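The following exercises concern a predicted model.

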Amino acid sequence: MNRLITLTMTTMALLSLGIALPAGDVFAQQKSLKEQIVGSWTYASADTVRPDGSKVPTFGPNPSGLVIFGSDGRYVSLVVRTDVPKFASNSRIAGTPEENKAVVEGGIATFGKYTINEADKTLILQIERSSFPNWNGTEQRRPVTITGDELKYIVLTPSAGGGRAEVVLKRAK
């Protein structure tokens with residue numbers, strides 16, 4: 001009987017401790033934005049928000065893409081429309097003007113270095129190269145939030161047609 005009482009008391013003490021500790025434990029284990037962003041992310045959505053507030057899916061309703069943030073401060077990003085038509089010639093260098101236009105409008109790729117400003121929750125990209133050459137050698141600051149396995153950021157650039165782009169990524173599984 002003493003053994004049962006001891007086991008019950010120990011279990012209740014541990015349960016009480018478990019209920020009392022999580023709040024403090026969560027704060028102790030809170031990761032920085034820099035730590036949270038590392039890894040692979042897939043596109044959930046990418047919308048252009050026009051100056052009048054209307055939204056248009058930048059890369060169609062189901063963009064396909066991947067962004068990888070390395071722990072070494074390097075990144076690569078690629079997003080494409082899922083409905084870009086194949087080239088009739090089956091040659092990447094022999095596309096028609098219409099086919100080439102669909103490819104250019106249907107995706108964008110960038111790579112370079114990144115840093116995080118923890119104070120203002122900003123992702124700073126130093127774009128080394130981009131499939132949109134006007135971004136080569138530029139720096140972009142993007143407000144960013146991470147909630148669980150979802151990362152959101154805003155692209156504020158003139159190439160967004162005077163508006164902004166809102167991107168939602170999901171942690172790749």
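**Exercise 1. Overall architecture**

The chain comprises four helices and nine strands. State the order of these elements from the N terminus on, and describe how the chain is buried and connected.

*Solution.* Step 1: read from the N terminus, the elements follow the order α-α-α-β-β-β-β-α-β-β-β-β-β. Step 2: the chain has 173 residues, of which 30% count as buried. Step 3: the chain exposes about 11300 Å², and carbon and sulfur atoms supply 60% of that area. Step 4: take the contacts between residues at least 6 apart in sequence; 45% of them join residues at least 24 apart.

**Exercise 2. Confidence**

Determine the average pLDDT of the chain, and then the stretch over which the pLDDT is below 50.

*Solution.* Step 1: the average pLDDT is 86, and 80% of the residues score at least 70. Step 2: the pLDDT is below 50 over residues 6–28, a stretch that has one contact in the model beyond near neighbours in sequence. Step 3: where pLDDT is low, predicted coordinates should not be read in detail.

**Exercise 3. Strand E3 and its partners**

Identify the covered and uncovered faces of strand E3, and find the strands joined to E3 by bridges.

*Solution.* Step 1: side chains in a regular strand alternate between the two faces of the sheet. Step 2: in E3 (residues 64–69), Gly65, Val67 and Phe69 make up the covered face, whereas Ser64, Leu66 and Ile68 make up the uncovered one. Step 3: strand E1 (residues 39–49) runs antiparallel to E3 and is joined to it by four bridges; Ser40 has Ile68 as its bridge partner in E3. Step 4: E3 is also joined to strand E4 (residues 74–80), again antiparallel, by six bridges. Here Val67, from the covered face, has Ser77 as its bridge partner in E4. Step 5: E3 and E4 form a hairpin with four residues between them, and Gly73 in the turn has a positive phi of about 85°.

**Exercise 4. An aromatic cluster**

Which residues do ring pairs link into a cluster, and what is the geometry of the pair formed by Phe69 and Tyr114?

*Solution.* Step 1: the structure holds three aromatic pairs. Step 2: the pair of Phe69 and Tyr114 is edge-to-face, with 5.0 Å centre to centre and 70° between the planes. Step 3: Phe69 belongs to strand E3 and Tyr114 to strand E5 (residues 107–117), so the pair ties together parts that are 45 residues apart in sequence. Step 4: both Phe69 and Tyr114 are buried. Step 5: ring pairs link Phe69, Tyr75 and Tyr114 into a cluster.

Methods:
Residues are numbered from 1 along each chain as its sequence is written. Side-chain values use heavy atoms; hydrogens and water are left out. Helices (H or I, at least four residues) and strands (E, at least two) are DSSP runs, numbered from the N terminus. Buried means under 20% relative accessible area, exposed over 50%, partly exposed in between (1.4 Å probe, protein chains only). Contact means heavy atoms within 4.5 Å. Accessible areas come from the Shrake-Rupley method with a 1.4 Å probe; for residues, only the protein chains shown count as cover. Two strands pair if DSSP finds at least two bridges between them. pLDDT is the predictor's confidence in each residue, from 0 to 100. Rings of Phe, Tyr and Trp (its six-membered ring) pair if their centres lie within 6.5 Å; planes under 30 degrees apart count as stacked, over 60 as edge-to-face and the rest as tilted.
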